[in-house]
Amino acid sequence: MSATRYRRFLKLCEEWPRDESKKGRDLGTFLRQRVALAFREGENTQLSDPEKCDQMYESLARINTNIYRERFPRTRDTSFTGVTVEECRMLLATGSMQQMDEEKKGLWKTLTERFSTKPEDVTPEKVPENK
């Protein structure tokens, strides 16, 4: 039975798309890595929890076949923000994410420099004493 499970997961991995724009964050690549870890001995792997394995497969298969997208069709091709699927893909691409991280670092560095250095020419004001 383990051999059948293994083959089902292999077929799922073959069908699952990879998004090359998400290097290191792609769900398809992550899925392939997890299957390789779970089935280290291929068809001869002894699973500790076959029922959990079957549930995981069924869940992933439903996602892969877009069963929920078909069951619950969207009325629009945008999210509540008005961003389209293609615009969202562009924003979440690894290159865009790295660029945003660099911009954040630039802003963070600017803020830390602005607030961590003490101006040399400013002297503390004398506070009048209350009499």
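In the protein chain, residues 24 or more positions apart account for 58% of the contacts with a separation of 6 or more. The model is predicted. The protein chain holds six helices and zero strands. Read from the N terminus, its elements run α-α-α-α-α-α.

Burial was examined next. The protein chain has 131 residues, and buried residues make up 18% of them.

A disulfide is a covalent bond between the sulfur atoms of two cysteines. A search of the whole structure returned zero disulfides.

The loop between helix H1 and helix H2 was then inspected. Helix H1 spans residues 2-15 and helix H2 spans residues 27-38. Aspartate 26 is found in the loop between these helices. Lysine 23 is found in the loop between H1 and H2 as well.

Aspartate 26 is buried, yet it has no salt bridge. Its nearest side chain of opposite charge belongs to arginine 18. That side chain is 5.3 Å away, whereas a salt bridge requires a distance within 4 Å. The aspartate 26 side chain has polar partners instead. One is the side chain of threonine 29, in a polar contact of 3.0 Å. Another is the backbone nitrogen of glycine 28, which the side chain of aspartate 26 reaches at 3.4 Å. With neighbours within four places in sequence left aside, aspartate 26 is in contact with Pro17, Arg18 and Asp19.

The side chain of lysine 23 makes a polar contact with the side chain of glutamate 20. The distance of this contact is 2.9 Å. Alanine 93 lies 70 residues from lysine 23 in sequence. The C-alpha atoms of lysine 23 and alanine 93 are separated by 8.1 Å.

Note on methods. Residues are numbered from 1 along each chain as its sequence is written. This is a predicted model: local features need pLDDT of at least 70, side-chain atom pairs count only at pLDDT 80 or more; totals for chains, interfaces and linings use all residues. Side-chain values use heavy atoms; hydrogens and water are left out. A disulfide is a pair of cysteine sulfur atoms within 2.5 Å. Helices (H or I, at least four residues) and strands (E, at least two) are DSSP runs, numbered from the N terminus. Buried means under 20% relative accessible area, exposed over 50%, partly exposed in between (1.4 Å probe, protein chains only). Lys and Arg count as positive and Asp and Glu as negative; His and the chain ends are not counted. A polar contact is a pair of N or O atoms within 3.5 Å; within protein, one must be able to donate a hydrogen and the other to accept it, and residues adjacent in sequence count only if both atoms are side-chain atoms. Contact means heavy atoms within 4.5 Å.
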